[in-house]
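Hi,

Here is the structure I said I would pass on.

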Amino acid sequence: MKKRKKSKLKTSNVFYAVLFLVAVMAILAGIAYLPNRLKSEVIIEAGKVSRLYESQFIKTEDEGSFENDIEKIDLAVPGDYIVKVKVGFLTYRSHLIINDTITPTLVLRELVAPLGKELNPEDFVEDANDNTHLTYRFITAPDTTIIGEQTVTIEAKDLGSNTIVKDTTVLISQVKDKVTIEAGSGIPKIEDFLLEARTNEVFITDVNKLKLSVGNYPIEIKMGERILTTTLEVRDTIAP
C-alpha cells in the first residue's frame, strides 16, 4: 500500500510539473506574438529637436517610459540609435534615426595678411550656420609668399556631408603689423614699415606731423588701390 501511495504521489508531481511547463511555454509564446507597441523607427532632423518624448515612439495610446539613458544621445549628431521603451511590463526596442539633410550657410570675409603669415580656412569665416558641427578646408589655398591679391576658395562641410563652397580674396601685403621705435629717434620712413623692398607703397598718414611722444599711432599706407592700417609704437626705454 505504501508503494502505491508513493507511486501515485510521484505521478501527480510529474503531472503538475508538466502542466506548469506547458503553462509557462504558453505564456512565453503569447508574449512572443504580442504586437510591438513601438514604431520601428523615428526619424528626426539633426539639431531640430531639443528633447525626446516616449509618445514619439509609442504607436498606441499606451503610456511608457524610456529604459535607456536617452540624455546621452546627442540630437545634433547624425546616426542610428537604439531606443528602449517600457510599456506595461514589457520593454520594446525602436530605432532613432537622426538625419542631416540641410545645407549649411557660409559668409566669408576679405582679408589682408602680412607676407609669410600662415592662414587657416577659419580665418576667412565671417558667419556660418548649420544645425551640426562644421569643418572647413581650402579648395584653393592662398600662397602667402606672393605679394598681391589672390582668390581663395573654401568649403564648409557638416556632419551629414552637406557642403557649401564660397570664394573670397586675400591681399598679401609686405606692410608690417607694427613698427616700434625709440622716442626721439626721428621720423620713420616707408621702408621701415615694409618686410621687403618697396614696390608701390606710400604713406596716407602724414607722419611728419606726428609728435611721436610715447604711445601708439595708427598709420595708413596705400598699396595699389588698397589702404592698409598699421601701428607705430613709440617707446621710451632709455634711462635719463
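Below is what I found in it, going from the whole chain down to single residues.

First, the ground rules. This is a predicted model, so to speak: local features need pLDDT of at least 70, side-chain atom pairs count only at pLDDT 80 or more, and totals for chains, interfaces and linings use all residues. Residues are numbered from 1 along each chain as its sequence is written, and side-chain values use heavy atoms, with hydrogens and water left out.

**Overall**

The protein has one helix and 14 strands. Both kinds of element are DSSP runs numbered from the N terminus (helices are H or I with at least four residues, strands are E with at least two). Of its 240 residues, 32% count as buried; here buried means under 20% relative accessible area, exposed means over 50%, and partly exposed is in between, with a 1.4 Å probe and protein chains only. The exposed surface comes to about 15,700 Å², with carbon and sulfur atoms supplying 53% of it. That area is from the Shrake-Rupley method with a 1.4 Å probe. Among contacts with a separation of 6 or more, 48% are between residues 24 or more positions apart, where contact means heavy atoms within 4.5 Å.

Two strands pair if DSSP finds at least two bridges between them. β3 and β4 run antiparallel and are joined by nine bridges; V87 has L90 in β4 as its bridge partner.

**The core**

The largest nonpolar core has 18 residues, and L52, F57, V83, V85 and L96 touch the most other members. A nonpolar core here is a set of buried Ala, Val, Leu, Ile, Met, Phe, Trp, Tyr and Cys residues joined through side-chain atoms within 4.5 Å. β1 (41-45), β3 (79-87) and β4 (90-99) each supply at least two residues of this core, and β4 gives the most, with four. Leaving out residues up to four places away in sequence, V83 touches a list that includes F57, F66, I70, I73, Y92 and L96.

**Aromatic pairs**

There are three aromatic pairs in the structure. Rings of Phe, Tyr and Trp (its six-membered ring) pair if their centres lie within 6.5 Å; planes under 30 degrees apart are stacked, over 60 edge-to-face, and the rest tilted. F57 and F66 are one of these pairs, edge-to-face at 5.9 Å centre to centre with 80° between the planes, and both residues are buried. F124 and F138 form another edge-to-face pair, at 6.1 Å centre to centre and 80° between the planes. This second pair links distant parts of the chain, 14 residues apart: F124 is in the loop between β6 (111-114) and β7, and F138 is in strand β8 (residues 135-140). F124 has a relative accessible area of 0%, so it counts as buried.

**β5 and β7**

β5 runs antiparallel to strand β7 (residues 125-129), with four bridges between them, and L108 stands opposite V125.

**The sheet with β11 to β14**

Another open sheet of four strands has the order β11-β14-β13-β12, again with mixed pairing. β11 (178-182) and β12 (201-203) are at the edges, each pairing on one side only. β12 pairs with strand β13 (residues 215-223) in the antiparallel sense over three bridges, and F203 stands opposite I221 in β13.

**Loop residues to check**

Which residues other than glycine have a positive phi? S161 is one, with phi near 65°, and L212 is another, at about 60°. S161 is in the loop between β9 (148-157) and β10 (163-173) and is partly exposed at 49% relative accessibility. L212 is in the loop between β12 and β13 and is buried at 12%.

Cheers
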